[in-house]
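Reader: I am new to this structure. Please show it, and then let me ask about it piece by piece.

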Amino acid sequence: MPIKPEELAALMREVELEDPIDFADLPFPEDDLRALVANHLCEMAGAMENFSTEDRLMTLLAVSAKLVLENLVLHVQLLRRHGLPVGENVEALLSRLRKGDEG
């Protein structure tokens, strides 16, 4: 049985308890943004119903990886724009990338 957007939004809120999202001063209600994303992802998952389990998993992992990468890039750009240092985790990751360029 496919997951419903409301269920996915509830799971998103649970995950955010451990890793909160800073919505800052966006002019949109947080729950509306979650609902928008949950609906989009449920539609995407529904479009993959004829995929094999392996293909569905690979597609969802690819989408997740792209979103994490996009979030990282936007985070670093925002920090640089405001002249703020990146956090330890991001700096460690960027340092690993720089070492890869040298070798």
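Reader: Is Arg34 buried or exposed?

Author: This is a predicted model, in which local features need pLDDT of at least 70, side-chain atom pairs count only at pLDDT 80 or more, and totals for chains, interfaces and linings use all residues. Residues are numbered from 1 along each chain as its sequence is written, and side-chain values use heavy atoms, with hydrogens and water left out. Buried means under 20% relative accessible area, exposed over 50%, and partly exposed in between (1.4 Å probe, protein chains only). Arg34 has a relative accessible area of 6%, so Arg34 is buried.

Reader: Which helix holds Arg34?

Author: Helices are DSSP runs of H or I, at least four residues long, numbered from the N terminus. By that numbering, Arg34 lies in helix H2.

Reader: Which residues does Arg34 touch?

Author: Contact means heavy atoms within 4.5 Å. Residues up to four places away in sequence are not counted. That leaves Ala9, Met12, Arg13, Glu16 and Phe23.

Reader: How many salt bridges does the structure hold?

Author: A salt bridge is a side-chain nitrogen of Lys or Arg within 4 Å of a carboxyl oxygen of Asp or Glu. By that rule, the number of salt bridges in the structure is 5.

Reader: What is the N to O distance in the salt bridge of Arg34 and Glu16?

Author: Arg34 lies in helix H2 (residues 30–47) and Glu16 in helix H1 (residues 5–18), so the pair ties together parts that are 18 residues apart in sequence. Glu16 is buried, at a relative accessible area of 12%. The side chains meet, N to O, at 2.7 Å.

Reader: How far apart are the closest N and O atoms of Arg34 and Asp31?

Author: Both residues lie in helix H2, 3 residues apart, about one turn of the helix. Asp31 has 45% relative accessibility, so Asp31 counts as partly exposed. The closest N and O atoms of this salt bridge are apart by 2.7 Å.

Reader: How far apart in space are Glu30 and Arg13?

Author: Glu30 is found in helix H2. Glu30 and Arg13 are 17 residues apart in sequence. In space, C-alpha to C-alpha, the distance is 10.0 Å.

Reader: How far apart in space are Val37 and Leu8?

Author: Val37 is found in helix H2. Val37 is partly exposed, with a relative accessible area of 38%. Val37 and Leu8 are 29 residues apart in sequence, but C-alpha to C-alpha they are apart by 9.2 Å.

Reader: Where does Ala24 lie?

Author: Ala24 has a positive phi of about 50° although it is not a glycine. At 64% relative accessibility, Ala24 counts as exposed. Its place is the loop between H1 and H2.

Reader: How far apart are the end C-alpha atoms of H3?

Author: The expected span of a helix is 1.5 Å times one less than its number of residues. H3 has 29 residues, so it should span 42 Å. The model agrees, with the end C-alpha atoms apart by 42 Å.

Reader: Which residue takes a positive phi just after H3?

Author: The phi in question is about 65°. The residue is Gly83.

Reader: Which residues make up the largest nonpolar core?

Author: A nonpolar core is a set of buried Ala, Val, Leu, Ile, Met, Phe, Trp, Tyr and Cys residues joined through side-chain atoms within 4.5 Å. In soluble globular proteins, nonpolar side chains tend to be buried together. The largest core here has 5 residues: Val76, Leu79, Val86, Val90 and Leu94.

Key:
Helices (H or I, at least four residues) and strands (E, at least two) are DSSP runs, numbered from the N terminus.
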